[in-house]
Amino acid sequence: MSWKCKYCGSVEFIQKFTGYHNPIFDKNGEYIKYSYQERTYENITCEECGSSGKYIKEIAEWVEE
Ligand SMILES: [Zn+2]
């Protein structure tokens, strides 16, 4: 069972994201914690043919095998 690209049948997809957090450091510069984090996801892209969409459903179909 897997998502397969509608256009080429590939099951490999990539999704880039950009993100940030507001780290808090101790006096040695070590992380104490991540106080907040945010990620923004880019389109999901088929690694094989390059088709992309905001949602996996736009570019791929769930195939039960
Ligand atoms: Zn594809």
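This tour visits a zinc site and then an aromatic pair.

The structure is a predicted model, in which local features need pLDDT of at least 70 and side-chain atom pairs count only at pLDDT 80 or more, while totals for chains, interfaces and linings use all residues. Residues are numbered from 1 along each chain as its sequence is written, and side-chain values use heavy atoms, with hydrogens and water left out.

**The zinc site**

Select the zinc ion together with Cys5, Cys8, Cys46 and Cys49, whose SG atoms are its protein donors and lie 2.3 Å from it. Donors are N, O and S atoms within 2.8 Å of the metal (3.2 Å for Na, K and Ca); because water is not among the atoms, sites may look incomplete. The four donor atoms subtend angles of 103 to 112° around the zinc ion, so the arrangement is tetrahedral (four donors with all angles between 85 and 135 degrees). Along the sequence, the donor residues follow the spacing C-x2-C-x37-C-x2-C.

Next, display strands S1 (residues 2-5) and S3 (residues 31-46): Cys5 lies in S1 and Cys46 in S3, so this pair ties together parts that are 41 residues apart in sequence. Strands are DSSP runs of E, at least two residues, numbered from the N terminus. Cys5 and Cys46 are both buried (under 20% relative accessible area, with a 1.4 Å probe and protein chains only).

**The aromatic pair**

The whole structure holds three aromatic pairs, counted where ring centres of Phe, Tyr or Trp (its six-membered ring) lie within 6.5 Å. Select one of them, Phe17 and Tyr41, which is tilted, at 5.5 Å centre to centre with 55° between the planes; planes under 30 degrees apart count as stacked, over 60 as edge-to-face and the rest as tilted. Phe17 lies in strand S2 (residues 13-25) and Tyr41 in strand S3, so the pair ties together parts 24 residues apart in sequence.

Finally, colour the two residues by accessibility: Phe17 is partly exposed at 41% relative accessibility, and Tyr41 is partly exposed with a relative accessible area of 47%. Partly exposed lies between buried and exposed, the latter being over 50%.

Technical notes:
Tetrahedral: all angles 85-135°; square planar, octahedral: opposite > 155°, others 65-115°. Helix = DSSP H or I, 4+ residues; strand = E, 2+ residues; numbered from the N terminus.
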